[in-house]
Amino acid sequence: MGLHGRFERSGVLRCAQKHKQKQEQGQEKEQEQRQSQLPHVSPMKPGGTWGTRSGLMGAAGAGDQKRGAKDKVKKNRLAKRRQAWGTGGCRNKGRRVSVVEWNAVAYDDLSDPMFEWGMAVLGTLELRGDERVLDAGCGSGRLTEELVRRLPVGEVVALDFSPKMLEQARRRLASVGKQVEFVHGSLQEFALQRQVDGIFSNAVFHWVPDHAEMFRCLHRVLKPGGWLVAQFGGVGNLAKTYGRAHDVGEREPFREHLKSDRESAHFEDVASTRERMEAAGFRVSEAKLHTVVPRFETQERYEAFLRTVVLREAMAKLPEGLQREFLDEVSDRTRREEGEYSLDYVRLTVRARA
Ligand SMILES: C[S@@+](CC[C@H](N)C(=O)[O-])C[C@H]1O[C@@H](n2cnc3c(N)ncnc32)[C@H](O)[C@@H]1O
């Protein structure tokens with residue numbers, strides 16, 4: 001059964017049908033326009049900041065046509081590369097959600113960092129215990145389970161786009177029964193039959209291409225006055241890690257497999273997130289960034305995390321025979337530069353009311 005078949009059969013009404021149609025029509029044109037309008041941003045080098053590589057952008061010398069043509073080729077190549085490794089800015093507007101499937105079993109085992117961050121956010125919720133709450137992007141259900149515990153006479157709607165993650169979450173929550181409703185859908189085009197009192201989301205929004213559309217959908221499913229508390233990747237998230245992966249991916253034998261494709265994750269800043277939320281009708285009480293550096297004891301565990309979470313999409317593009325070599329190079333560089341196997345996460349936490 002196709003994704004949409006499941007979506008409709010699960011009792012969920014399609015939302016934003018017209019927005020989707022509009023998106024698809026304008027998609028290609030928009031993409032071309034965006035490509036030409038992009039600021040010249042490149043993934044951060046270790047120890048640096050996101051910024052422009054004006055040297056590479058420099059205009060060709062007057063009259064030097066050969067150099068001009070060369071620069072143009074370089075510029076086009078770099079414009080494509082800029083989008084390939086989780087660059088900042090909401091450039092994914094109108095794009096479809098990534099269909100690279102998650103390894104839900106591995107994620108369940110490796111997701112301690114996300115679980116910890118999510119538990120800290122859950123700890124700030126003041127729940128009566130009888131609310132109906134949406135877990136927006138429930139993943140393998142570890143945090144959904146914790147949410148259910150805090151809602152002894154309430155209900156949880158566990159929504160995710162990945163069938164494998166939903167399957168894993170169903171398994172984990174099999175004993176809970178009707179208290180949890182599972183929904184297969186995408187946060188940028190969904191609706192629920194009944195509104196919810198609150199929305200919780202952890203480590204998801206940066207995977208959703210169109211934030212304006214996502215916040216509109218979230219606002220629609222929330223009761224008037226209902227709350228939203230979410231944490232996700234913010235601007236600068238994993239910049240050093242993506243920078244290293246980008247540099248390794250520039251070299252053969254990886255280059256030919258990674259050269260033109262894109263990572264779907266995008267990392268937004270506070271101001272544009274606030275703006276999009278307010279435009280969707282939210283009253284935002286908090287939007288802030290913080291950094292967190294998970295450390296891994298072994299190279300094996302570190303590479304498993306990279307494979308399953310951070311470089312999941314790059315892995316899907318590389319032939320199996322090259323994947324290990326690629327991960328080894330990225331992790332060796334990390335160890336050399338950081339003295340440990342670590343990740344440079346930046347989280348954006350938002351709190352709002354409908
Ligand atoms: C890193 S996992 C986080 C899962 C869980 N919230 C946690 O903290 O462990 C990201 C999840 O977002 C889901 N996701 C990505 N894009 C989505 C979308 N457009 N709509 C719904 N879920 C999405 C993925 O399928 C995945 O389960």
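In strand β4, Val157 is the bridge partner of Leu134, and the two strands concerned, β3 (residues 132-136) and β4 (residues 155-160), pair in the parallel sense over five bridges, where pairing requires that DSSP find at least two bridges between two strands. Strands are here DSSP runs of E with at least two residues, and helices are runs of H or I with at least four residues, both numbered from the N terminus. Strand β4 is mostly covered, since five of its six residues are buried; a residue is called buried if 20 or more other C-beta atoms, placed from the backbone, lie within 10 Å of its own, exposed if 12 or fewer do, and partly exposed in between.

The structure is a predicted model, in which local features need pLDDT of at least 70 and side-chain atom pairs count only at pLDDT 80 or more, whereas totals for chains, interfaces and linings use all residues. Residues are numbered from 1 along each chain as its sequence is written. The chain contains 15 helices and eleven strands, and 41% of its 354 residues count as buried. Among contacts between residues at least 6 apart in sequence, 80% join residues at least 24 apart, a contact being defined by C-beta atoms, placed from the backbone, that lie within 7 Å.

The ligand is surrounded by 22 residues, the closest of which are Gly137, Gly139, Phe161, Ser162 and Trp207; a residue is near the ligand if its C-beta atom, placed from the backbone, lies within 6 Å of it. Helices α6 (112-122) and α7 (142-149) are the elements that give two or more residues to this shell. By residue type, the shell divides into twelve nonpolar, eight polar and two charged residues, with Ala, Val, Leu, Ile, Met, Phe, Trp, Tyr, Cys and Pro counted as nonpolar, Asp, Glu, Lys and Arg as charged, and the others, Gly among them, as polar.

Trp207 is found in the loop between β6 (196-202) and α9 (211-221), and Trp207 counts as buried because it has 21 C-beta neighbours inside 10 Å. Helix α9 is itself mostly covered, with eight of its eleven residues buried, among them His211, Glu213, Arg216 and Cys217.

Most residues other than glycine have a negative phi, and most peptide bonds are trans. A further positive phi in a residue other than glycine occurs at Leu238, near 55°, in the loop between β7 (222-233) and α10; Leu238 is buried, with 25 other C-beta atoms within 10 Å. A cis peptide bond, with omega of about 10°, joins Glu252 and Pro253, and Pro253 is placed in the loop between α10 and α11 (255-258).

Helix α15 (residues 320-338) has 19 residues and reaches 27 Å from its first C-alpha to its last, close to the 27 Å expected at 1.5 Å a residue, the expected span being 1.5 Å times one less than the number of residues. Phe326, Leu327, Val330, Ser331 and Thr334 are buried in α15. These residues lie on the same side of α15 because they cover an arc of only 120° around the axis, the arc being that of the directions from the helix axis to the C-beta atoms. On the other side of α15, Gly321, Arg324 and Arg336 are exposed. The cover over the buried residues of α15 includes α10 (239-249), α13 (299-310) and β10 (341-342), and the helix is followed by Gly339, which has a positive phi near 75°.

In α13, the buried residues are Tyr302, Glu303, Phe305, Leu306, Thr308 and Val310, and the buried residues of this helix pack against α5 (104-110), α10, β9 (295-296), α14 (312-317), α15 and β10. Asp112, which lies in helix α6, counts as exposed because it has 11 C-beta neighbours inside 10 Å; Asp112 and Pro294 are 182 residues apart in sequence and 9.5 Å apart in space, C-alpha to C-alpha.

Key:
Two residues are in contact if their C-beta atoms, placed from the backbone, lie within 7 Å.
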